[in-house]
Amino acid sequence: MASNYVTAICLVLFLTSSCYIESDNMTKTIKSKMQAYRVELPCEAEGCDGMMVFTSGGVLTSFPAQYPHRCSECGRQIYVSGMTYPTIEWSP
Ligand SMILES: [Zn+2]
């Protein structure tokens, strides 16, 4: 029974891995440079120059979900939806 399960798992792994091994020598690829931007969320507390940093735990399950961020300087905590900071954005 267990060996059937292992055999099935191996078969699935083989089939999925073979999808990535296939290559077409006629495929052309294009490389172009992109610029990376660090996106940060500044703290809005008066007189604070800190940046909000994503912290783990305590996600609010609202819709959309809100993620906890804490200021790197004053420790103020806020919840942000849609994005976590800091993050990286790419632009051509
Ligand atoms: Zn702050």
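Here is a conversation about the labels used for this predicted model.

User: Happy to start simple. What makes up the protein chain in terms of helices and strands?

Analyst: The protein chain has one helix and six strands. Read from the N terminus, the order of elements is α-β-β-β-β-β-β.

User: How do you know that E2 and E3 pair?

Analyst: Two strands count as paired when there are at least two bridges between them. Strand E2 (residues 41-42) and strand E3 (residues 51-54) have two bridges, in the antiparallel sense. The cut-off is at least two, so E2 and E3 qualify as a pair. Within this pairing, Leu41 stands opposite Met52 in E3.

User: And what makes E3 and E4 a pair?

Analyst: E3 and strand E4 (residues 66-71) are joined by three bridges and run antiparallel. At least two are required, so E3 and E4 are a pair. As for partners in E4, Val53 is bridged to Arg70, and Phe54 is bridged to His69.

User: Where does E1 pair, and how do you know?

Analyst: E1 is joined to E6 by five bridges, and the two run antiparallel. Pairing takes at least two bridges, so E1 and E6 count as a pair.

User: Why are E1 and E6 described as hardly covered?

Analyst: A residue needs 20 or more other C-beta atoms within 10 Å of its own to be called buried. In strand E1 (residues 35-39), the count of buried residues among its five residues is zero. For E6, the count among its five residues is also zero. Across the protein chain, buried residues make up 5% of the 92 residues.

User: Why is His69 called buried?

Analyst: His69, located in strand E4, has 22 C-beta neighbours inside 10 Å. The threshold is 20 or more, so His69 is buried. Leaving out residues up to four places away in sequence, His69 touches Leu41, Met52, Val53, Phe54, Thr55, Gln77, Ile78, Val80 and Tyr85. One of these, Val80, is 11 residues from His69 in sequence, with 7.1 Å between the C-alpha atoms.

User: What about Phe54: why is it only partly exposed?

Analyst: Phe54 is a residue of strand E3. Around it there are 15 other C-beta atoms within 10 Å. Exposed means 12 or fewer and buried means 20 or more, so a count of 15 places Phe54 in between, as partly exposed. Its contacts, not counting residues up to four places away in sequence, are Tyr67, His69, Thr84 and Tyr85. Phe54 also lies 9.6 Å from Thr87, C-alpha to C-alpha, although the two are 33 residues apart in sequence.

User: Why does Thr55 count as exposed?

Analyst: Thr55 sits in the loop between E3 and E4. Its count is 12 C-beta neighbours inside 10 Å. The limit is 12 or fewer, so Thr55 is exposed. Thr55 still has contacts: it touches Pro68, His69 and Arg70, not counting residues up to four places away in sequence. Thr55 and Tyr85 are 30 residues apart along the chain, and their C-alpha atoms are separated by 9.4 Å.

User: How do you know that some peptide bonds here are cis?

Analyst: The omega angle tells us. From Phe63 to Pro64 the peptide bond is cis, with omega near 0°, and Pro64 is in the loop between E3 and E4. From Tyr85 to Pro86 the bond is cis as well, with omega near -5°. Pro86 belongs to the loop between E5 and strand E6 (87-91). For background, most peptide bonds are trans.

User: What share of the contacts join residues at least 24 apart?

Analyst: Among contacts in the protein chain between residues at least 6 apart in sequence, that share is 46%.

Technical notes: Residues are numbered from 1 along each chain as its sequence is written. This is a predicted model: local features need pLDDT of at least 70, side-chain atom pairs count only at pLDDT 80 or more; totals for chains, interfaces and linings use all residues. Helices (H or I, at least four residues) and strands (E, at least two) are DSSP runs, numbered from the N terminus. Two residues are in contact if their C-beta atoms, placed from the backbone, lie within 7 Å.
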